[in-house]
Amino acid sequence: MKVRILGCSGGIGGRHLRTTSLLVDNDILIDAGTGVGDLAIAELAQIDHVFITHSHLDHLACLPFMVDTVGDMRSRPVIVHATEPTLEIIRAHVFNWAIWPDFSVIPSVEKPFLRFSPIKVGEAIDLDGRKVIPLPANHTVPAVGYQLDSGNASLVFTGDTGPCPELWNE
Ligand SMILES: [Zn+2]
């Protein structure tokens, strides 16, 4: 498991400031902030899974552009993993046809560019032996962190959180 920090700032500007996104290997994104914009189109097209910590714009600003850019280059949908409350916000306020088209039904319901997949805290998603485990977080909107577990080593990314005893216990 290789982790590349694409962005970890709260804002943009200049050569160094990009908002939050981590690329895991070539195919997994943790959050999709403006750091995603530095990837080449060929790199964007390899991303199969996007795990969102929470709905704040600095963590998902590039998701709509990415899906639109690579959709017709790919044979399967980009899967967006997030908790049900976060998915509801993303559906209602981003992919709502007013801010951006609903790519979960484009070009067709059967073969969309994007698929939403609900996750639950504590329930690991296993991607070819790489586990992504949602962890509790405490933020102003529904939020999670993630543990990335390769089997040999693991890393915890809290996302945005304040004091959160449940997270420290994990
Ligand atoms: Zn936030």
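Which residue in E5 does His-49 stand opposite? In this predicted model, His-49 stands opposite Ile-79. The report below begins with the strands around this pair and then turns to a second sheet and to the zinc site.

The pairing of His-49 with Ile-79 in E5 belongs to a contact in which E4 and E5 run parallel, joined by three bridges.

Strand E5 covers residues 78–83, and six of its six residues are buried, which makes the strand mostly covered. E5 also pairs with strand E6 (residues 114–119), again in the parallel sense, through six bridges. Within this pairing, Val-78 has Leu-114 in E6 as its bridge partner. A right-handed β-α-β unit is made by E5, helix H3 (residues 84–93) and E6.

## The antiparallel sheet

Four strands make up an open sheet with antiparallel pairing, in the order E7-E8-E9-E10. The edges are held by strand E7 (125–127) and strand E10 (154–157); each has a single partner strand, so one side of each lacks a neighbour in the sheet. On average, neighbouring strands of this sheet are turned by 20 degrees against each other, with direction ignored.

The contact between E9 and E10 is antiparallel and consists of four bridges. Among the residues involved, Tyr-146 has Phe-157 in E10 as its bridge partner.

## The zinc site

The zinc ion has four protein donors: His-54 through NE2, His-56 through ND1, His-139 through NE2 and Asp-160 through OD, at distances of 2.1 to 2.3 Å. The angles among the four donor atoms range from 91 to 167 degrees, and the site is irregular. A tetrahedral assignment is excluded because it would require all angles to lie between 85 and 135 degrees.

Along the chain, the donors follow the spacing H-x1-H-x82-H-x20-D. His-54 and His-139 link distant parts of the chain, being 85 residues apart. His-54 is in the loop between strand E4 (49–51) and helix H2 (63–70), whereas His-139 is in the loop between strand E8 (130–136) and strand E9 (144–149).

Is each of these two histidines buried or partly exposed? His-54 has a relative accessible area of 0% and is therefore buried. His-139, at 26% relative accessibility, counts as partly exposed, because the buried class is limited to values under 20%.

Note on methods. Residues are numbered from 1 along each chain as its sequence is written. This is a predicted model: local features need pLDDT of at least 70, side-chain atom pairs count only at pLDDT 80 or more; totals for chains, interfaces and linings use all residues. Side-chain values use heavy atoms; hydrogens and water are left out. Donors are N, O and S atoms within 2.8 Å of the metal (3.2 Å for Na, K and Ca); water is not among the atoms, so sites may look incomplete. Four donors count as tetrahedral if all angles lie between 85 and 135 degrees; four count as square planar and six as octahedral if opposite donors are over 155 degrees apart and all others between 65 and 115; anything else is irregular. Helices (H or I, at least four residues) and strands (E, at least two) are DSSP runs, numbered from the N terminus. Buried means under 20% relative accessible area, exposed over 50%, partly exposed in between (1.4 Å probe, protein chains only). Two strands pair if DSSP finds at least two bridges between them. Axes are lines fitted to C-alpha atoms, for helices over the stretch in contact, and angles run from 0 to 180 degrees between N-to-C directions. A crossover is right-handed if, with the strands pointing away from the viewer, the path from the first strand over the helix to the second runs clockwise.
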